[in-house]
Amino acid sequence: MILKKIILSVTLFYLVVTFYFNLPSNYLKIHCSGKFGNYFNFFMFQRWNFFAPPPNFNDRLYYTFKMKSNNKVEVYEVLEPLSKKKFEKVPFNGKEGILDYLLTNSVIGINDELYKKNRFNSFLIATEKQSDSSHKIKKDSEILNTSNFQTLLAYGKLIIENKSSNQQFDSVQITIARIIIPKFLDRYKNKDSIMKGELFYKSGFISLK
Amino acid sequence: MKKKINSWIGSLSESNHFEFYSSVFRIFICVYILASLYNYWDYFPIIFSGKSFYSAEPTYLLEIFGINSSVIRDHINLYIFVYVILVGLFALGIGRHYTAFLLFVFFEISQRLCYVVLNGGDNLLKFCLMYMIFIDSYKYFTIVKTNSRDRLDNNKGYFISNLAGYLICIHLCIVYFFSAFHKIHADVWYNGIATYYTLSLERFKGTPFNDSLARNGVFVTLSTYFVLLLEISYPYLIWNKKARPFIIFSAILMHAGIFFFMMIYGFQLVFIAIQGFFIPNQTWINYYNKISNKFLLFSKGKIKYSINSFL
């Protein structure tokens with residue numbers, strides 16, 4: 001009986017801890033978690049905020065390939081055709097689904113990175129510790145080194161390998177944009193007249209070699 | 001209070017409360033993992049090898065034990081081969097709790113090898129697999145017959161097994177609770193227009209009807225509040241015997257809706273499958289006996305018919 005009570009207590013402790021670390025960032029969680037919070041999140045990571053809130057935009061990922069010799073440019077958008085392909089292959093679209101997760105989650109990863117950095121930058125600029133332009137340069141180089149950006153860059157190389165085998169493009173620019181979903185009130189309006197796009201991120205031209 | 005705790009411990013130690021359904025869930029996990037591996041098949045080099053366009057990161061977990069993640073990536077075919085064997089052993093009930101533990105380790109490592117392709121279902125399944133290590137799910141659908149020494153047929157064994165079974169149920173309640181907790185905070189859920197946005201997302205457009213449903217104000221309002229109310233009430237009402245069938249039906253309806261309209265398949269199947277843990281063991285056994293009796297009668301009749309036609 002004593003052993004069972006010990007097991008029960010450990011289980012209850014586990015449940016309380018699980019509940020605690022699932023709470024949104026609040027005063028108690030920020031001040032009392034410490035290293036234990038990092039360990040818990042490392043081994044027991046969980047996030048249950050499904051579509052809370054749902055995105056109010058559809059992502060667009062553009063690759064702009066450029067040829068140095070004649071300044072020729074080719075542009076490809078990859079996410080919209082992928083969504084269409086996924087829809088056409090319902091319900092056997094597992095493979096398209098995986099590619100969608102790889103690309104969209106990399107885009108979301110860059111989105112999160114920028115969000116974190118922008119918050120930090122505005123704090124530093126507000127406290128006059130660094131100038132706006134020096135931050136922008138630092139921010140870009142930090143994004144380029146993330147695994148999310150490297151994934152998108154490598155996928156761009158794959159696109160150009162498959163699409164223009166006889167043309168030698170030298171560099172690529174990655175652009176992330178958003179097509180805003182019209183407000184619920186505007187749902188019956190002509191989509192083209194109210195469609196709004198938003199540029200979210202644009203890299204410089206990066207060498208493909 | 002002390003008496004209540006003692007009697008609860010006593011009830012957990014008398015019999016296996018999840019004897020039948022945990023066996024079904026064991027098979028479900030195996031089918032789910034094999035189906036995921038099949039889906040990944042063409043993409044193995046991309047997501048696991050570390051030599052593709054996917055810029056892989058270390059798992060950090062293996063590194064704790066002094067193993068470099070690239071060792072697994074370099075021998076990914078061997079790793080997957082062992083993984084599939086473990087799935088097979090678990091499905092057949094060979095090695096029982098030890099196999100369940102090894103499968104959990106492999107599942108966790110493969111998730112960390114490419115975490116960007118994971119969804120909430122994979123996340124929840126990881127915890128279920130962890131609890132399954134302790135659950136005695138080997139009474140049904142196993143090839144190795146159990147003997148009393150093998151099985152956790154003592155009351156301590158039942159106690160641990162039942163506790164782990166209830167942990168699956170409680171974890172599902174935690175998931176719904178926090179999902180609702182976050183949703184209440186979001187304006188679009190509060191104002192009843194959230195499903196307009198979820199149905200308008202291109203990457204989750206699963207049917208040609210999504211656009212027209214998203215434009216239908218009545219559908220959008222009712223479906224948004226249905227999801228919100230279900231997730232809010234689930235953690236409490238699921239423990240009420242009278243409300244339970246209605247709550248389970250509603251949860252299955254919600255997940256089936258997401259399954260068809262948003263093409264999120266595996267994720268929803270995991271959530272639907274876990275609902276079965278809330279149905280009492282005896283109910284499952286009665287259904288199982290009915291179906292197996294019908295099947296026996298059918299197969300006997302068929303044999304008789306085929307012998308007669310032969311004569």
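R96(B) is buried, because 20 other C-beta atoms lie within 10 Å of its own. Buried means 20 or more such neighbours within 10 Å; exposed means 12 or fewer, and partly exposed is in between, with C-beta atoms placed from the backbone. This is a predicted model, where local features need pLDDT of at least 70 and side-chain atom pairs count only at pLDDT 80 or more, while totals for chains, interfaces and linings use all residues. Residues are numbered from 1 along each chain as its sequence is written, and chains are lettered from A and ligands numbered from 1 in the order in which they are written.

- R96(B) is found in helix α7 of chain B. Its phi is near 40 degrees, a positive value in a residue other than glycine.
- Helices (H or I, at least four residues) and strands (E, at least two) are DSSP runs, numbered from the N terminus.
- M263(B) also has a positive phi, near 60 degrees, and is not a glycine. M263(B) lies in the loop between α14 and α15 of chain B.
- M263(B) counts as buried because it has 23 C-beta neighbours inside 10 Å.

**Helix α14 of chain B**

- Helix α14(B) covers residues 244-262, which is 19 residues. At 1.5 Å a residue it should span 27 Å, and its end C-alpha atoms are 26 Å apart, so the two agree. The expected span is 1.5 Å times one less than the number of residues.
- The buried residues of α14(B) are I247(B), A251(B), H255(B), I258(B), F259(B), F261(B) and M262(B).
- Their cover includes α11 (194-200), α12 (210-215), α13 (217-237) and α15 (265-275) of chain B.

**The nonpolar cores**

- A nonpolar core is a set of buried Ala, Val, Leu, Ile, Met, Phe, Trp, Tyr and Cys residues joined through C-beta atoms within 7 Å.
- The largest core has 72 residues. L103(B), C128(B), L129(B), Y131(B) and I274(B) have the most contacts inside it.
- Helix α9 (residues 155-185) of chain B gives the most to this core, with 13 residues.
- C128(B) touches I168(B) and I274(B), not counting residues up to four places away in sequence. Contact means that the C-beta atoms of two residues, placed from the backbone, lie within 7 Å.
- A second, separate core has 26 residues, including Y63(A), L99(A), L102(A) and V172(A).

**Where the chains meet**

- 45 residues of chain A are in contact with 42 residues of chain B.
- On chain A, the elements giving two or more residues to this side are α1 (2-22), α4 (79-88), α5 (94-126) and α7 (147-163).
- Helix α5(A) has the largest share, nine residues.
- By class, the chain A side has 23 nonpolar, 16 polar and six charged residues. Ala, Val, Leu, Ile, Met, Phe, Trp, Tyr, Cys and Pro count as nonpolar, Asp, Glu, Lys and Arg as charged, and the others, Gly among them, as polar.

**Chain A: layout and helix α4**

- Chain A has eight helices and five strands.
- Of its 209 residues, 16% are buried.
- In α4(A), L79(A), S83(A) and K86(A) are buried. They cover an arc of only 60 degrees around the axis, so they sit on the same side of α4(A). The arc is that of the directions from the helix axis to the C-beta atoms.
- The face turned away from the buried side of α4(A) carries the exposed residues P81(A) and E88(A).

- Strand β4 (residues 196-202) of chain A has seven residues, and the number buried is zero, so it lies largely in the open.
- Strand β3 (residues 171-180) of chain A pairs with β4(A) in the antiparallel sense over six bridges. Two strands pair if DSSP finds at least two bridges between them.
- I176(A) stands opposite Y201(A) in β4(A).
- The peptide bond from A52(A) to P53(A) is cis, with omega near -5 degrees. P53(A) lies in the loop between α3 (34-44) and β1 (57-66) of chain A.
- The bond from V90(A) to P91(A) is cis too, with omega near 0 degrees. P91(A) lies in the loop between α4 and α5 of chain A.
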